[in-house]
Amino acid sequence: MEQLTNISVIQALAEKHGFSFSKGLGQNFLINPSVCPRIAEMGGAEAGCGVLEIGTGFGVLTAELAKRADKVAAVEIDTRLLPVLDETLSEFDNVKIINQDILKTDVAALLQEEFGSMPVSVCANLPYYITSPILMLLLESRLPITAITVMVQKETAQRLCAPVGTRESGAITVAVHYYGEPRRLFDVSRGSFMPAPKVDSAVIRIDVRKQPLDPELDEEFFFRMVRAGFSQRRKTIANSLGSMLNLPKETVYSALRACDLAENARIESLNMEELIALAKSLKG
Ligand code: SAM
């Protein structure tokens with residue numbers, strides 16, 4: 001297959017198959033030739049391993065993954081792309097395209113069926129309109145995956161990788177750090193895509209924890225507390241949790257005191273240990 005990062009090749013394929021880019025599906029395809037090989041290499045696509053890709057577009061990343069990994073299973077929602085992929089990925093016999101919405105997919109069953117006991121990582125240039133739901137789906141389901149390497153909006157990368165307990169952190173930051181260890185790999189300018197989006201991007205890698213960070217934690221309550229706190233992040237914890245979780249303020253104050261935290265502390269200033277301690281104290 002000719003260079004899938006070549007604009008004339010993309011235009012010719014689009015014309016041949018009557019394909020037009022869908023903004024609604026976040027279709028910004030990579031045209032910078034150095035990016036996909038780097039995602040594949042840094043994302044763990046290698047012999048003996050499988051890769052789950054989300055959103056194939058014309059298959060530019062899929063091909064780089066298929067060159068390196070034993071098997072690639074790629075979930076793509078847009079049926080119009082299937083004939084294009086038949087053509088662009090015809091040289092690979094280790095790629096399976098699954099024409100589905102990732103958010104409606106039983107990913108655990110898919111991984112079992114496609115990869116069995118093979119180590120699997122996730123690599124993708126994500127559709128940005130559903131970045132958070134996809135990450136939460138992958139992380140909360142405690143799937144047998146080693147790492148998630150994805151392209152996201154630059155601001156999102158900043159938020160996801162910010163240390164917990166800093167002003168850039170949010171509820172999703174806490175979730176990502178709870179389930180894994182995120183780091184920013186490299187930035188990608190808006191000109192690296194066709195059509196060019198209005199924002200720059202960055203590739204991050206989340207190494208997924210094999211064990212829960214705290215096996216004794218009531219995770220359902222912990223994340224309810226985190227979401228409640230961050231939904232009113234400018235308020236003190238006593239005020240936000242009091243109203244959102246329907247707790248008497250005195251209960252929140254005594255939990256804060258038990259954790260050696262100031263009564264006027266805000267959720268964004270607590271690190272992971274302090275958040276876990278507070279959740280346990282409130283539950284107790
Ligand atoms: N991987 C290609 C590339 O890098 O050029 C395409 C990336 S493009 C940013 C996102 C892709 O995700 C598109 O192909 C889009 O059709 C697909 N997509 C959007 N929503 C999806 C969903 N809910 N489930 C699966 N794929 C989806």
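Contact is taken here to mean heavy atoms within 4.5 Å. In the predicted model, Thr 251, Val 252, Ala 255, Leu 256 and Ala 258 of helix α11 meet Leu 278, Ser 281 and Leu 282 of helix α12 under this criterion. The residues that form this contact between α11 and α12 comprise six nonpolar and two polar ones, with no charged residue among them. Helix α11 spans residues 249–258 and helix α12 spans residues 272–283, and their axes come within 9 Å and cross at roughly 130°. The two helices α11 and α12 are therefore oblique to each other, and the crossing in which α11 passes α12 is right-handed.

The protein as a whole contains twelve helices and nine strands. Its C-alpha atoms fill a box of roughly 65 × 40 × 30 Å when taken along the principal axes. Of the 284 residues of the protein, 51% count as buried. Among the contacts in the protein with a separation of 6 or more, 68% are accounted for by residues 24 or more positions apart.

A further helix pair is formed by α2, which covers residues 35–42, and α3, which covers residues 60–68; these helices pack at an angle of about 45°, with their axes 9 Å apart. Because an angle of 65 to 115 degrees would be needed for a roughly perpendicular arrangement and one under 35 degrees for a roughly parallel one, α2 and α3 are classed as oblique to each other. As α2 passes α3, the crossing is right-handed. On the side of α2, the contact is made by Cys 36, Pro 37, Ile 39, Ala 40 and Glu 41, and on the side of α3 by Val 60, Leu 61, Glu 64, Leu 65 and Arg 68. The residues of this contact of α2 with α3 divide into seven nonpolar and three charged, with no polar residue.

Within this helix pair, Glu 64 lies in α3 and touches Cys 36, Pro 37 and Ala 40, when residues up to four places away in sequence are not counted. Glu 64 counts as buried, because its relative accessibility is 14% and the limit for burial is under 20%. Ala 63, which also lies in helix α3, likewise counts as buried, at 11% relative accessibility. With residues up to four places away in sequence again left out, Ala 63 touches Leu 89 and Phe 92. The C-alpha atoms of Ala 63 and Ser 90 are 9.9 Å apart in space, although the two residues are 27 residues apart in sequence.

The structure holds zero disulfides. Cys 259 also counts as buried, in this case at 18% relative accessibility.

Another packed pair consists of α7 and helix α8, the latter spanning residues 171–179, which pack at an angle of about 60°, with their axes 7 Å apart. That angle makes α7 oblique to α8. The contact brings together Arg 159, Leu 160 and Cys 161 of α7 with Ile 172, Thr 173, Val 176 and His 177 of α8. The residues of this contact between α7 and α8 divide into four nonpolar, two polar and one charged.

Helix α7 covers residues 154–161 and includes Glu 155. Glu 155 is partly exposed, with a relative accessible area of 49%, a value that falls in this class because only areas over 50% count as exposed. Along the chain Glu 155 and Ala 202 are 47 residues apart, while their C-alpha atoms are separated by 8.5 Å.

Key:
Residues numbered from 1 in each chain as written. Predicted model: local features only at pLDDT ≥ 70, side-chain atom pairs only at ≥ 80, totals over all residues. Heavy atoms only, no water. Axes fitted to C-alpha atoms, helices over the stretch in contact; angles between N-to-C directions. Helix = DSSP H or I, 4+ residues; strand = E, 2+ residues; numbered from the N terminus. Parallel < 35°, antiparallel > 145°, perpendicular 65-115°, else oblique. Left-handed = near helix turned anticlockwise from the far one by under 90°. Nonpolar A, V, L, I, M, F, W, Y, C, P; charged D, E, K, R; others polar. Disulfide = S-S within 2.5 Å. Buried < 20%, exposed > 50% of the residue type's maximum accessible area, 1.4 Å probe, protein only.
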